[in-house]
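We will go from stop to stop, picking residues and looking at what surrounds them.

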Amino acid sequence: MRIAIITSGFLPVIDGVTVSGMQRLQKLSQWGHQVLLFCPDYSALSHIYPDWENYTGEILPGIKVISLRSTPFMDLDFERNVSFFAYRDLMAALTTFQPDIIHVDEPERLFLGFWRSPGLAYARAHNIPCVSFFRTNFLEYIEDYFSLPKLAVNIIISLSKLLIISVYNSYDKTLVSSRVTHQKLLDLGIKNLQYENLLGFEPGNFRKCKPHPYFFREKYKIKQIEDRIKIIFLGRLTPDKGWSFTLQAFKSLQNKIGLEKIAIIIAGEGPTRLEIQSSLQQLQIEPYFLGRVPPGDVPELLSNCDIHVTTSEKETRGLTILEAFAAAIPVLAPNRGGVTENIVHGWNGYLYRPGDMEDFCQKLSTLIIDEALRISMGQRGRESVTQYSWEKTIQNLVNFWQSMIAEQRPKNPDRSAAPIVEKN
């Protein structure tokens, strides 16, 4: 297949969209597909991502990445979005490449850059499928990023709903990788949904990782935590990840058990880092910040921790949940959103009542105190995610693409449609 992928983000930015996106490209390259991927240009952030050039151009056999002109995204110093003026470049490259299908990750975010739904005009003119992938609950993030009066926030949310419904319903299909999110989007008014199991991990990378007593000393120069329970938070340090609740909860936890028994490992970067550090230090806790951890280092890192905690209530799925289970460690998460998809409460982890600090502290305390419980939950977690290898989940995506192309093909006898010329 010749596949055009238009995505809102790519490496060197590290998050669920970009990590899974790179895994997708590696498999597609191995399987002999031709891929043209479009993403924002990160050269303006070279001070943050000095290796950005490694992820543009011909990065793998059959895989070419085109970095489109970009602008800052939501005033985040580590994110970019495509520019309005890059749309002409996108269309020209699509015309040259002549894809069999166009796949768009997070089209609502890309719409805000292009001021039009990416991929649709080309697909309609050439009678090829154009599909979208719902990746992020942007609607639920609005209140975290806009410090405005309640009425103004409600207006923004209402307008954003209309935009999101319109954008996604304009595609042939909208993919969603969580049954929880699937129902939420149906209720919102998106009608062209299709659930597919599309997130995974590389089992071999996790199976070969064994806990090492001096891992943190040797890898990260962190000393004297060998005998402490290592609680890891893995993800962006942004308001939507639930850090306000986390910090309040640890104040409560301090009164229940001795926090000297634990070491808090934070892998990720973002604007709330200083707030997190300051709040924990006031509790006499010195958090260990690892910064942005390369995806290849995640299996070993998780395998040398004891508990993975997330307090985000706004995930569409939660790749780190699958990775924690693959590393055989239990997870504590809120009983809300896509993170609930794979957690069987009391079996491979705990779900606490959202916003309930008492419940959070009680369940985390239990995991801290009971080593046998942690080990048994971790083993059951590993057993529960065997169907989520990248090999299987990316094959699911390829099968879906092929079915969409097959449906379109009878209506598409002639691929020689005239090139599209659009004015910015």
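## Stop 1: a stacked pair

Select Phe-245 and Tyr-352: both are buried (under 20% relative accessible area; over 50% is exposed and in between is partly exposed, using a 1.4 Å probe and protein chains only). Before going further, note that this is a predicted model, in which local features need pLDDT of at least 70 and side-chain atom pairs count only at pLDDT 80 or more, while totals for chains, interfaces and linings use all residues. Residues are numbered from 1 along each chain as its sequence is written, and side-chain values use heavy atoms, with hydrogens and water left out.

Now show the two rings. Phe-245 and Tyr-352 form a stacked aromatic pair, 5.5 Å centre to centre with 5 degrees between the planes. Rings of Phe, Tyr and Trp (its six-membered ring) pair if their centres lie within 6.5 Å; planes under 30 degrees apart are stacked, over 60 edge-to-face and the rest tilted. Phe-245 belongs to helix α10 (residues 243-254) and Tyr-352 to strand β16 (residues 349-352), so the pair ties together parts that are 107 residues apart in sequence. Helices (H or I, at least four residues) and strands (E, at least two) are DSSP runs, numbered from the N terminus.

## Stop 2: along α10

At what angle do α10 and α14 pack? The angle is about 65 degrees, with the axes 9 Å apart. Axes here are lines fitted to C-alpha atoms, for helices over the stretch in contact, and angles run from 0 to 180 degrees between N-to-C directions. That makes α10 roughly perpendicular to α14 (65 to 115 degrees; under 35 is roughly parallel, over 145 roughly antiparallel and the rest oblique). Their crossing is right-handed, a term used if the near helix is turned clockwise from the far one by less than a right angle, with anticlockwise being left-handed.

To see the contact (heavy atoms within 4.5 Å), select these residues:

- From α10: Phe-245, Gln-248, Ala-249, Phe-250, Ser-252 and Leu-253.
- From α14: Met-357, Phe-360, Cys-361, Leu-364 and Ser-365.

By class, the contact of α10 with α14 has 8 nonpolar, 3 polar and no charged residues. Ala, Val, Leu, Ile, Met, Phe, Trp, Tyr, Cys and Pro count as nonpolar, Asp, Glu, Lys and Arg as charged, and the others, Gly among them, as polar.

Next, pick Thr-246, also in α10. Thr-246 is buried, at 1% relative accessibility. Leaving aside residues up to four places away in sequence, Thr-246 touches Phe-233 and Thr-311.

## Stop 3

How many aromatic pairs does a search of the whole structure find? The search finds 15. One of them is Phe-201 with Phe-206, edge-to-face at 5.6 Å centre to centre and 85 degrees between the planes. Both Phe-201 and Phe-206 are buried. Then select Phe-215, Phe-216 and Tyr-220, which form one aromatic cluster.

## Stop 4

Move to helix α5 (residues 138-145) and helix α6 (residues 150-169). Their axes come within 10 Å and cross at roughly 155 degrees, so α5 and α6 are roughly antiparallel to each other. This crossing of α5 and α6 is right-handed. Leu-139, Ile-142 and Glu-143 of α5 meet Val-153, Ile-156, Ile-157, Ser-160, Lys-161 and Ile-164 of α6. The contact of α5 with α6 has 6 nonpolar, 1 polar and 2 charged residues.

## Stop 5

Select Ile-102 in strand β7. Ile-102 is buried, at 0% relative accessibility. Beyond residues up to four places away in sequence, Ile-102 touches several others, including Ala-4, Ile-6, Leu-94, Tyr-122 and Val-131.

Most residues other than glycine have a negative phi, and most peptide bonds are trans.

- Gln-98, in the loop between α2 (87-97) and β7 (101-105), has a positive phi near 55 degrees and is partly exposed at 44% relative accessible area.
- Glu-106, in the loop between β7 and α3 (107-114), has a positive phi near 50 degrees and is buried at 3%.
- Leu-11 and Pro-12 are joined by a cis peptide bond, with omega about 20 degrees; Pro-12 is in the loop between β1 (2-6) and α1 (16-30).
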